[in-house]
Every structure is written in C-alpha cells, then in structure tokens.
Amino acid sequence: MPSNNAPAAFPVTAGPVDDTMSVGGNSLPEPMKLFFIDDNAKLGVKGNMMPLAATPAMVDVAEWLAHQTVEQYRVLENFIQVIQEFFEGKKICNPETCPTMSAGRHITYTWLNNEGKPIRVPACQYIMLVQRWVVSKIHDPSAFPTDSPFGTSTASFEASYPSNLTASSSQRPIPAGPTTLNRTLSDLSGRDWFGKAAGFPEAFLSDVRTAWRQMFRIYAHLYHGHYLEPFWHLKNACNNLNSAFCFFASVGKLYGLLGERDLEPMLPLINIWVANGSIPAECASGAQSIVQ
C-alpha cells in the first residue's frame, strides 16, 4: 500500500463510486467539537429553506437535482478555496496537517486505486480527486444533459449552467411510437428509470448520489479539520459555512441522497438544526426521497 503522501496514479472516473469509510482505528476519545455547540450552530441567513429545496412546479425532479448538484458544488468550491490559501508558505490543508481524508479521529475516507483497492491519501489530494470527478460529470452532456427531449423544464435553469453542459440533439432519446389499445407507454419505451422522461441516462441518480456523498465528506473534513483554522478566525466564515452546509443537508435529506451512515460525522450539528427548524421537518423526514 502506498504511503499517505504518495501521489495518486489512477483515473478519477473509477475512484469515488465504491470507495470506503473506515470507522475506528484510533483509541483516543473524540474531543468536544465547537461546531456541535448550539451557540455555534447559528446560520448566516434567515428564513425557511423548504421553498429553496423543494422542486418548483412544472419542473422535472431530475432536472431539479441536476441544477441543485451544480449549484451546491459551486457553493462548496468557495469554501474549498479557503483551505487552499497559503499560510506560512504552505496551503492550510496539506499532506502534513491532513495526512488522510478524515472527519475526526475515528472516521477516515479512502479512495480506490487502479486495482480497486482502497488506499489512504492526503485530504488535499482526496478533495482534488473529488473535484475532478464531479466537474467531469456535470460538464459531460451524456451524464448531465440539460435539454429535455420533451421540453418540460430546462429553460428555467439554462442561465445557471455552463454553456458546454447543453446536450446535442444526437444525444437525446428518441421518443417512442404511438400507443395502442393493448400496449402501455412503459411497454413501448422499455425499462424505466429515474430521470428517463427528462432525457437523463440510467446512471444519473447513482452519479448524483455519489456526488452528494463526496461533497458531504468534504464538508465533514472542513468542519473536523479546519473549523478552528481557518474558519473560526475569519469574519462571518463559520456562520456562512453553517448556512451552506445546512442547505446542502436539507436538500440531501429531502430527496434521500444521503444515508444515515453518510451523515454520521456531522449528525450532532444536523440534529441541532432539525430540532430548531433550520432544517425543515419535511427535509428531515425525507418527504420526497427517491427510491430506485
């Protein structure tokens, strides 16, 4: 197994799909985290997040999740840039300060190498690999098409997407022929999957869930590894981080994109927001969870 500081020599396309989270391995108790204290769970914004998380009327849910994934990554990228700033000649998040991608003493995330084996890499490298993977997906029109074959919803969000996300006509599904009295539309169109009606590929939901799980892990590392340095010392940074993560968690829980095991490293903070209503009850209960 390569050392923690060894550079990754494997393609990002295979990395995060089946990666692992190891629990344990450090017998030292976890110290009390400042971000798990109610007084430090304040948000930089006020208001009900449900209207921002719920799918708008006349918009396909798959289109909405594609939009949310792009927007959530854009917001997260701003916080990643903070820990990539230089301090005393080194980036704040570097192989020495963060030799593994961890969320506290007892949770470490690993990446799969070319042989499909989980390996530990420095947090800065793990985050870079996640960024490359997510960007490769949202900029791939075959994975994240934004032109619906039935013209149902794309126009609402076209301005929010980079121009190179637009799918070409050759990548749009061919509509099925007319129905007959004894054949249903689902029979004519073949196997069904989430997002098919809006022109999304069969792997779309899996890719979205992978992207959200990986973005959550970055948030978890930002809190556990860098809450005190640098966010605590930057004006309004903690409240802004809370606002972004609270909305991210609200959307992730509302649509069932994040499981309980995924949420474990940040559950005390999430529970505070559920209790005080910052995460709406509908989101907390997974009212619009997608089952597939």
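## Two helices side by side

Let's start where α2 and α3 touch: Thr69, Val70, Tyr73, Glu77, Ile80 and Ile83 in α2 meet Ile127, Gln131, Val134, Val135 and Ile138 in α3. Sorted by class, the contact of α2 with α3 has 8 nonpolar, 2 polar and 1 charged residues. Keep in mind that you're looking at a predicted model.

To find these helices on screen, note that α2 covers residues 61–83 and α3 covers residues 123–138. Their axes come within 12 Å and cross at roughly 155°. Angles over 145 degrees count as roughly antiparallel, and α2 and α3 are therefore roughly antiparallel to each other. The crossing, as α2 passes α3, is left-handed.

Which residues do the touching? From α3 come Ala123, Tyr126, Ile127, Val130, Trp133, Val134 and Lys137, and from α5 come Asp207, Thr210, Ala211, Gln214, Arg217, Ile218 and His221. By class, the contact of α3 with α5 has 8 nonpolar, 3 polar and 3 charged residues.

## Stepping back

Now zoom out. The protein has 9 helices and 6 strands. Of its 292 residues, 48% are buried. If you take the contacts between residues at least 6 apart in sequence, 78% of them join residues at least 24 apart.

Where does the nonpolar core come from? The largest one has 78 residues, and the members that touch the most other members are Phe216, Tyr219, Leu222, Tyr223, Phe245, Met266 and Trp273. At least two core residues each are supplied by α1 (50–53), α2, β5, α3, α5 (204–226), α6 (237–254) and α8 (267–276). The largest share, 12 residues, comes from α5.

Leaving aside its neighbours within four places in sequence, Met266 is in contact with Phe35, Phe36, Phe216, Ala220, Tyr223, His224 and Phe245. Of these, Phe216, Tyr223 and Phe245 are on the list of core members with the most contacts to other members.

| Residue | Relative accessible area | Class |
|---|---|---|
| Tyr109 | 1% | buried |
| Lys33 | 13% | buried |
| Asn236 | 46% | partly exposed |
| Lys117 | 53% | exposed |
| Met58 | 74% | exposed |

Take the two lysines. Lys33 is found in the loop between β1 (20–23) and α1. Why does Lys33 count as buried? Its relative accessible area is 13%, and buried means under 20%. Beyond its neighbours within four places in sequence, Lys33 is in contact with Gly104 and His224. His224 is also one of the contacts of Met266.

Lys117, on the other hand, is exposed. You'll find Lys117 in the loop between β5 and β6 (118–119). Setting aside its neighbours within four places in sequence, Lys117 is in contact with Trp111 and Leu112.

Strand β5 (residues 107–112) also holds Tyr109.

Finish with the backbone itself. What kind of peptide bond joins Glu229 to Pro230? The bond is cis, with omega near 20°. Pro230 lies in the loop between α5 and α6.

Asn236 is found in the loop between α5 and α6 as well. Asn236 has a positive phi of about 65°, although it is not a glycine. Met58 has a positive phi too, near 70°, and is likewise a residue other than glycine. Look for Met58 in the loop between α1 and α2.

Notes:
Residues are numbered from 1 along each chain as its sequence is written. This is a predicted model: local features need pLDDT of at least 70, side-chain atom pairs count only at pLDDT 80 or more; totals for chains, interfaces and linings use all residues. Side-chain values use heavy atoms; hydrogens and water are left out. Axes are lines fitted to C-alpha atoms, for helices over the stretch in contact, and angles run from 0 to 180 degrees between N-to-C directions. Helices (H or I, at least four residues) and strands (E, at least two) are DSSP runs, numbered from the N terminus. Angles under 35 degrees count as roughly parallel, over 145 as roughly antiparallel, 65 to 115 as roughly perpendicular and the rest as oblique. A crossing is left-handed if the near helix is turned anticlockwise from the far one by less than a right angle, and right-handed if clockwise. Contact means heavy atoms within 4.5 Å. Ala, Val, Leu, Ile, Met, Phe, Trp, Tyr, Cys and Pro count as nonpolar, Asp, Glu, Lys and Arg as charged, and the others, Gly among them, as polar. Buried means under 20% relative accessible area, exposed over 50%, partly exposed in between (1.4 Å probe, protein chains only). A nonpolar core is a set of buried Ala, Val, Leu, Ile, Met, Phe, Trp, Tyr and Cys residues joined through side-chain atoms within 4.5 Å.
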